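Visitor: I'm new here. Could you walk me through a few features and show me how to read them?

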Amino acid sequence: MARSSKTRLLYTLCSSTKTTAPSPFPPPCSSPTTALLLRNFQLRPFSAGSAARLKDEKEAGAPWWKESMERLRNIGISAHIDSGKTTLTERVLFYTGRIHEIHEVRGKDGVGAKMDAMDLEREKGITIQSAATYCTWKDCQVNIIDTPGHVDFTIEVERALRVLDGAILVLCSVGGVQSQSITVDRQMRRYEVPRLAFINKLDRMGADPWKVLNQARSKLRHNSAAVQVPIGMEENFQGLVDLVQSKAYYFHGSSGEKVVTEEVPPNMEALVSEKRHELIEVVSEVDDRLAELFLADEPIPPAELEGAIRRATIARKFIPVFMGTAFKNKGVQPLLDGVLSYLPCPTEVSNYALDQNNNEEKVMLSGTPVGPLVALAFKLEEGRFGQLTYLRIYEGVIRKGDFIINVNTGKKVKVPRLVRMHSNEMEDIQEAHAGQIVAVFGVDCASGDTFTDGSVRYTMTSMNVPEPVMSLAVSPVSKDSGGQFSKALNRFQREDPTFRVGLDAESGQTIISGMGELHLDIYVERIRREYKVDATVGKPRVNFRETVTQRAEFDYLHKKQTGGQGQYGRVTGYIEPLPHGSSTKFEFENMIVGQAIPSNFIPAIEKGFREAANSGSLIGHPVENIRIALTDGASHAVDSSELAFKLAAIYAFRQCYTAARPVILEPIMLVELKAPTEFQGTVTGDINKRKGVIVGNDQDGDDSVITAHVPLNNMFGYSTALRSMTQGKGEFTMEYKEHSAVSQDVQMQLVNNHKATKAAE
């Protein structure tokens, strides 16, 4: 595992200075030909001469970039809350030489983990923002993004997985597959990310990796098998047996940095043989080459098994399961070897772009530095030097000083500064090529924009952004700090697509919306710390919706005569509910035959209906899942105008809304809670009291795992209630499921409250 002294010297020189950063390529390998080619690439600009050189090299054999790309990995580390993601990343950075001492999450030394750069993260011991870094392991460059585990920060996981080639799903050996593990796994499937599983915390009491492996197979439907077997368990956990190489690994030294390889302990040979047979059997089901050897009953050499696992993992047909304990520094180096052995390099992953010049036709990108530049801005951050934009380069090369074009806006921008991120530290680089994750300064864009060099008009498909489920009214305590307050809100809105800011038209309050209580609390706290603005927070407000349940006709004439030109507009038609599961929430259809209303007034009528639907008459919340059909109308040669028809549409909507039997929809949350069995009766009784519907009740050791659908409006302050009911032993997670109609008594209560609030104003 030792690297050559030449590589070590080159690495030390690179990491000891900030101004002259290392090249975007991994350190040179021992082959003099490759080293020469890489050096040529870095010294010469990409010109016609370079193109000719490329042609010569292609004819001579493998292209110049092939070896560099094969030694590059882009991975993310995702898991449920408190599974040990940040601790694992800390160990990875230590063993690869990126940091020289280990600090713990919520450590006693007060330093905190490297990847938790924000003060709030270090205080609360949770990750809030995903952080990017890179390291070198066995002459390969690994770009890593550490992501949050809380469902409130799910967008951070979403956009990290969008741009990565592989991922590590961390599972707790005691907690097993938990609710957020399922959410993260669903996100990995959505973006078709090949992954490894790492069962962490084997040193904890009650650790059972085989139980977790079976849970992954049943709950996540993983086709997986262990590639390692632990030697000892809980406080007797000593090391691991690698089932592929049939070797035992022990971790010595103060921080587990010395990996000692020995033969398999004699007392474990039977278990190792059984688990290796199981691994071969599972992989041979999805890999034909291994299946042939397996059926012929031939001994399977390690190289053949490793190749089969790699093929099956990249094809997303198999998930190898690694084990260890990051906190006790055991099992991290074999996991890094697994990242290199089994996860894909950028050229082995299929990435597609949409060609804007050709009716958004899907185009497969080569993923190589040869070809036009295509890069996706997947994350924005407001730094000390202006906006920092994280880019994943899918094709081509980007250089400092280059002009690049934002395909979404058509703007041409210059790259003033190109950096590589190491948590909150930056290293300047001159250029970066396909497959890399870099950041640029001073480029004005939105999250999800695509950049090219101008020769093509490709856009990458954007990320899935969940709808916010909760709102709060906020206002600055002192009037003088209004400027800083709005600056903070604007910045957070640009950085986080799930954080929305709006103005309540009736009360004039600023309303912030997000994914949950913790999400909004963190932002209020960040406004106080980063912008020195104290904000008062109103009662949490649930994002109710309204909808109609039956068809209702409207026929409204808006007529106003004053001195000079009057107003005249008549609209006739009907509103009806959209069918269940419809992709749109508002549909407008012009069914007028002839010229009863001139066609230039139709957009104004649609605008009027859309405006009216923003605020239903029951409780003033938006109306959705409605279809409005315009069947007839009348106009006046002189008095008709866009304003007249817009007002006619607004009043027509209000006129027929009550006849359409409107109902209020409330957000329903999928709540998963875990509490000792002795408290099961109290907890279920409380959920029923909160109008929840229990949909699942499983046993997990001494704990009950209850799944329920509960209205968000009844979930405020639930964490405190659950702790007091279970003597602090209960925990829960919740995520948005759907909006569904409230019962009649709740609707009456909400309508009366709304009327009382309006009367008080």
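Guide: Lys 559 stands opposite Tyr 568 in strand 32. This is a predicted model, where local features need pLDDT of at least 70, side-chain atom pairs count only at pLDDT 80 or more, and totals for chains, interfaces and linings use all residues. Residues are numbered from 1 along each chain as its sequence is written, and side-chain values use heavy atoms, with hydrogens and water left out.

Visitor: Which strands do nine bridges join, and how do they run?

Guide: Strands of a sheet pair through backbone hydrogen bonds, either parallel or antiparallel. Helices (H or I, at least four residues) and strands (E, at least two) are DSSP runs, numbered from the N terminus, and two strands pair if DSSP finds at least two bridges between them. Here the nine bridges link strand 31 with strand 32 (residues 567–577), and the two run antiparallel.

Visitor: In what order do the four strands of that open sheet come?

Guide: The order is 31-32-34-33, with mixed pairing. Strand 31 (552–560) and strand 33 (586–590) stand at the edges with a single partner strand each, so one side of each has no neighbour in the sheet. From one strand to the next, the twist averages 25 degrees.

Visitor: And what about the open sheet of three strands?

Guide: That one reads 13-12-24, with antiparallel pairing. Strand 12 (residues 351–355) and strand 24 are joined by three bridges, and Leu 354 stands opposite Thr 459 in strand 24.

Visitor: At what angle do helix 12 and helix 13 pack?

Guide: Two packed helices are described by the angle between their axes and the distance between the axes. Axes are lines fitted to C-alpha atoms, for helices over the stretch in contact, and angles run from 0 to 180 degrees between N-to-C directions. Helix 12 (residues 302–314) and helix 13 (residues 332–342) pack at about 75 degrees, their axes 9 Å apart. They are therefore roughly perpendicular (65 to 115 degrees). The contact (heavy atoms within 4.5 Å) includes Ile 309 of helix 12 and Leu 340 of helix 13.

Notes:
Angles under 35 degrees count as roughly parallel, over 145 as roughly antiparallel, 65 to 115 as roughly perpendicular and the rest as oblique.
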